[in-house]
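Try each task before you read its solution.

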Amino acid sequence: MSTYRLMMGLALGSSLLFACNNQEEKTEATDEFKVVADEFADIQVLRYRIPGFDSLTLQQKELLYYLSEAAAAGRDIIWDQNYKYNLLVRKTLEGIVAHYEGERSGAQWVAFMEYTKRVWFSNGIHHHYSMRKLQPGFDAAYFATLVNGSAKAEFPRMAGSIDNNEQLLAFLQPILFDPNVAAKRVNQDAGVDLITSSANNFYEGVTQAEVEAFYAKQKVKDDPTPIWYGLNSKVVKENGKLVEKTWKSGGMYGTAIDKIVYWLQKAITVAENDKQKTALELLVKYYQSGDLRDWDAYNIAWVADTESMIDVVNGFIEVYGDPLGMKASYESVVSVRDMVATRRIKAIGDEAQWFEDNSPILPEHKKKEVKGISAKVITVVQESGDAAPATPIGINLPNADWIRKDFGSKSVSLGNIVYAYNEVASKGSAIEEFAWDQAQIDRSRKFGALAGDLHTDLHEVIGHASGQLNPGIGTPKETLKQYASTLEEARADLVALYFILDPKLVELGVMPSLEVGKAEYDGYIRNGLMLQLRRLEEGDNLEESHMRNRQLNAGWAYEKGLANKVIEKKVRDGKTYFVINDYEALRELFGQLLREIQRIKSEGDFAAGAALVENYGVKVDQALLKEVKARYAKIGSKPYSGFIQPKLVPVYEGEKLVDVKVEYPDNFTEQMLEFGKKNAHLPVVN
Ligand code: ZN
């Protein structure tokens with residue numbers, strides 16, 4: 001898994017959270033910064049800051065500005081990739097928002113604006129998470145009123161098929177209002193043609209079987225350095241034959257790619273060092289050639305650049321949007337290294353051997369020589385494409401296995417993004433709703449963010465890297481099969497949980513007291529036994545491996561500690577709470593479970609692993625699920641979040657760029673309209 005995403009309100013000072021100590025102080029001073037900018041449907045739109053931007057050198061700021069422009073220049077690509085007529089829909093909606101002269105109030109107008117914002121948020125007409133088509137809360141007649149009442153709008157046209165508003169409305173009618181047309185962007189259902197039943201724009205006029213045969217023919221057998229077949233192209237049928245339309249300069253999306261290249265070439269002139277310069281040059285070369293060997297060369301150079309302060313992800317990267325996992329979506333993340341938070345990770349990584357030696361796992365399962373994974377925390381400056389407005393909180397790239405094995409990879413946490421999530425979570429009312437008493441609330445407010453950071457550091461840097469397999473045992477995927485990833489995530493979480501209550505961390509100077517560990521325990525138990533259920537629908541059981549792992553760890557500890565009331569289930573005013581009575585005893589239980597799961601992994605004990613997951617990690621208490629959803633609904637907390645991007649404003653003296661200022665826009669609608677205009681580098685249909 002190369003990017004991980006977080007949904008708001010889930011975290012509450014528990015796992016997968018990063019924040020930076022240096023920012024903590026900043027907030028005190030500038031408490032005015034409003035993190036939540038907008039709310040609609042199931043979404044909240046947040047803002048993030050770029051701490052330390054002003055103290056960067058002019059050259060660094062200039063580089064960030066060019067990379068941010070390069071990121072934004074490709075924005076329209078993701079819209080077209082998500083669905084062939086997304087740009088047509090968006091331009092129509094934006095024409096109305098900018099120019100409608102009629103009454104801008106009433107239920108239908110409100111529904112229209114909500115729909116438009118949801119489309120902006122999803123980069124298209126399908127929900128960004130569920131992949132289902134968004135249903136407008138207004139009707140086709142009202143939509144016609146809006147279009148016809150926006151005389152000054154330049155609505156999109158398609159020569160020969162859409163020459164006037166009437167034809168535009170007729171064309172869009174089924175796309176917007178017929179739930180059976182383009183119903184799902186990515187369809188993963190078993191037993192159907194995944195390509196013809198998915199609405200994305202990666203394939204057209206071809207079946208799954210045809211595509212699979214097309215690529216099977218191309219693959220070189222036993223190639224130790226295979227390209228990622230099909231990564232950067234659309235497959236269509238021409239004269240009865242399948243062909244690839246490659247996304248490159250002069251090819252499909254060429255006009256937008258040329259803009260990306262334009263800004264990357266400017267970035268090259270102010271690169272920090274030769275390694276970074278080489279990497280950027282190779283990226284340009286790839287965009288120009290469309291050759292996937294050039295893409296591999298770029299990735300190898302990018303992985304080698306570990307010194308630079310500034311970094312960028314830009315390209316066709318993740319393949320979640322293609323049910324066959326071949327075609328990649330455009331995304332970009334521009335960042336600066338967070339020195340303080342990266343030091344914290346390093347402090348832990350440097351002690352990897354101590355953690356291994358002091359782990360509760362059996363001696364024969366300990367590594368004699370353990371190396372922590374190197375990781376860094378970044379401060380995000382700009383995101384675009386598939387990484388915006390909804391964003392990952394961590395990125396682990398490149399995706400090609402052979403490059404990872406031979407050249408390494410970068411594990412990156414998006415520090416200021418997680419910090420913004422934390423700010424909302426700590427101010428939000430979810431903690432008050434679900435915490436048992438004021439002590440828990442205070443602990444979460446004070447230490448929850450740091451606890452989340454440390455949990456993730458320990459999980460990533462120590463957890464996954466620890467332990468060893470018995471000689472002659474196959475890989476966990478071979479021995480533990482479908483339970484392998486849940487058990488592996490559980491194991492890494494348990495390493496984190498065991499050590500986060502260890503005085504060693506206080507000694508290392510990465511946390512002030514064991515209260516941080518207690519805050520993490522509170523949050524983990526609350527989330528694992530209760531809060532995460534909000535993501536499910538009634539009747540569901542757990543499927544996703546991280547969710548399974550959390551319930552497994554929390555549920556096992558709850559049951560084993562029942563006799564001694566280590567964790568106590570309490571009910572007050574009809575509401576359920578989980579309260580930890582004995583933190584040290586809970587730590588011991590986490591240690592026991594860690595020892596057992598490590599044994600299962602080391603020995604490849606499928607039966608024991610399957611029993612653990614099935615008994616503790618799958619089945620959901622439906623009454624509790626119902627209660628959790630109702631309590632969340634009452635406090636109006638939104639399950640999905642995304643971000644408004646900061647704006648980098650260049651200051652010129654004549655031709656010369658003399659400074660770059662950063663502004664923090666706070667109006668989602670305005671930013672979307674601005675982006676729509678400024679980054680319009682593609683024809684309306686591609
Ligand atoms: Zn993990």
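**Exercise 1. Work out how helices α2 and α9 are oriented to each other, and which residues join them.**

Solution. Start with the result: α2 and α9 are roughly antiparallel, because their angle falls in that class (under 35 degrees is roughly parallel, over 145 roughly antiparallel, 65 to 115 roughly perpendicular, the rest oblique). The axes of α2 (residues 58-73) and α9 (residues 254-269) cross at roughly 170° and come within 8 Å. Axes here are lines fitted to C-alpha atoms, for helices over the stretch in contact, with angles from 0 to 180 degrees between N-to-C directions. Helices (H or I, at least four residues) and strands (E, at least two) are DSSP runs, numbered from the N terminus.

Next, look at the contact (heavy atoms within 4.5 Å). On the α2 side, the residues include Leu-63, Tyr-66 and Ala-70; on the α9 side, they include Ile-260, Trp-263 and Leu-264. Last, sort them by class: 11 are nonpolar, none polar and three charged. Ala, Val, Leu, Ile, Met, Phe, Trp, Tyr, Cys and Pro count as nonpolar, Asp, Glu, Lys and Arg as charged, and the others, Gly among them, as polar.

A word on the source: this is a predicted model, where local features need pLDDT of at least 70 and side-chain atom pairs count only at pLDDT 80 or more, while totals for chains, interfaces and linings use all residues. Residues are numbered from 1 along each chain as its sequence is written, and side-chain values use heavy atoms, leaving out hydrogens and water.

**Exercise 2. Is Ser-411 buried or exposed?**

Solution. Find Ser-411 in strand β11 (residues 410-414). Its relative accessible area is 10%, so Ser-411 is buried (under 20%; exposed is over 50%, partly exposed in between, with a 1.4 Å probe and protein chains only). Leaving aside neighbours within four places in sequence, Ser-411 touches Ser-374, Ala-375, Lys-376, Ile-395 and Asn-396.

**Exercise 3. Describe the chain as a whole.**

Solution. Count the elements: the protein chain has 26 helices and 16 strands. Then take burial: 59% of the 686 residues count as buried. Finally, the C-alpha atoms fill a box of roughly 75 × 60 × 60 Å along the principal axes.
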